[in-house]
Amino acid sequence: MSTVPATPAREGASGSGNQRCMEAGLQVITRLASTVRIGRTYQTDNQVFRQQLEGLLETLTPLIEESGEAVLVALEEDLYLNGVRIPVKAGNFRFHKAILEEFRMREIAGLRLQKGLDNAELTLFLRLFLQPDVYRGPDLLGACLAQGVDHVTPAIHASTEEPDG
């Protein structure tokens with residue numbers, strides 16, 4: 001899927017689901033930024049990288065199980081997880097900025113992770129993702145699909161608009 005609708009929840013909307021999503025979002029961006037940073041230094045089969053990857057997957061799994069997917073997208077300077085804005089706090093500001101920059105560098109709006117995602121598939125995706133000079137935008141999506149990576153794909157476009165029909 002190349003287009004992912006992001007329906008940001010209102011800031012004032014409350015609810016345990018939104019709160020859980022905000023808290024999970026803070027963990028997801030921290031884990032993702034750390035995994036990408038470690039992936040630049042170590043090969044994807046290195047134990048240090050594998051530990052980061054496992055931590056990321058452990059953070060994502062409850063969200064994916066609950067909703068069937070976890071969609072992390074950037075809209076302007078904000079990040080949203082499953083339509084809920086991830087708050088920017090002093091402790092996560094650098095991770096927030098790092099993820100925004102990673103998405104910009106790859107000309108994508110974000111990531112869509114779906115039920116059925118496992119370590120092997122996430123590793124293969126990150127091998128592609130860690131080559132921004134080679135794979136960007138639709139080329140990254142095409143490379144994922146060509147490699148059989150379909151439970152984690154880049155979102156090429158995100159919008160607050162509902163899709164027609």
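Here are some questions and answers about the spaces and helix contacts in this predicted model.

Q: Why is α2 called roughly perpendicular to α4?
A: The axes of α2 and α4 cross at roughly 115°. Angles of 65 to 115 degrees count as roughly perpendicular, so α2 is roughly perpendicular to α4. Their axes come within 11 Å, and α2 passes α4 in a right-handed crossing.

Q: What makes the contact of α2 with α4?
A: Contact means heavy atoms within 4.5 Å. On the α2 side, the residues that make the contact are F49, R50, L53, E54, L56 and L57. On the α4 side, they are N119, L122, T123 and L126.

Q: How do you know which classes the residues in the contact of α2 with α4 belong to?
A: Asp, Glu, Lys and Arg count as charged, and R50 and E54 are among the α2 residues of the contact. By class, this contact has 2 charged, 2 polar and 6 nonpolar residues.

Q: What makes the contact of α4 with α5?
A: Helix α5 covers residues 137-146 and packs with α4 at an angle of about 145°, with their axes 10 Å apart. The crossing of these helices is right-handed. F125, L128 and F129 of α4 make the contact with L140, A143 and C144 of α5. Leu, Phe, Ala and Cys count as nonpolar, and the contact divides into 6 nonpolar, no polar and no charged residues.

Q: What makes the lining of the largest cavity nonpolar?
A: The lining consists of V28, L32, L56, L60, L72, L111, L113, L122, F125 and L126. Val, Leu and Phe count as nonpolar, so the count by class is 10 nonpolar, no polar and no charged residues.

Q: How do you know which element gives the most to the lining of the largest cavity?
A: The elements that give two or more residues are α1, α2, β5 (110-114) and α4 (119-129). With 3 residues, α4 gives the most.

Q: How many cavities of 30 Å³ or more does a search of the whole structure find?
A: The search finds 1 cavity of 30 Å³ or more. The largest cavity has a volume of about 60 Å³.

Q: What makes up the lining of the largest pocket?
A: The largest pocket has a volume of about 190 Å³. Of its 13 lining residues, the closest to the centre are R20, C21, A24, L63 and E66. The elements that give two or more residues to this lining are α1 (16-41) and α2 (47-67). By class, the lining has 4 nonpolar, 5 polar and 4 charged residues. Arg and Glu count as charged, and R20 and E66 are among the residues closest to the centre.

Methods: Residues numbered from 1 in each chain as written. Predicted model: local features only at pLDDT ≥ 70, side-chain atom pairs only at ≥ 80, totals over all residues. Heavy atoms only, no water. 1 Å grid on protein atoms, 1.4 Å probe; cavity = no way out; pocket = protein on both sides within 12 Å on 5 of 7 lines; lining within 4 Å. Points joined across faces, edges and corners; volume = space filled by probe spheres on them. Helix = DSSP H or I, 4+ residues; strand = E, 2+ residues; numbered from the N terminus. Axes fitted to C-alpha atoms, helices over the stretch in contact; angles between N-to-C directions. Parallel < 35°, antiparallel > 145°, perpendicular 65-115°, else oblique. Left-handed = near helix turned anticlockwise from the far one by under 90°.
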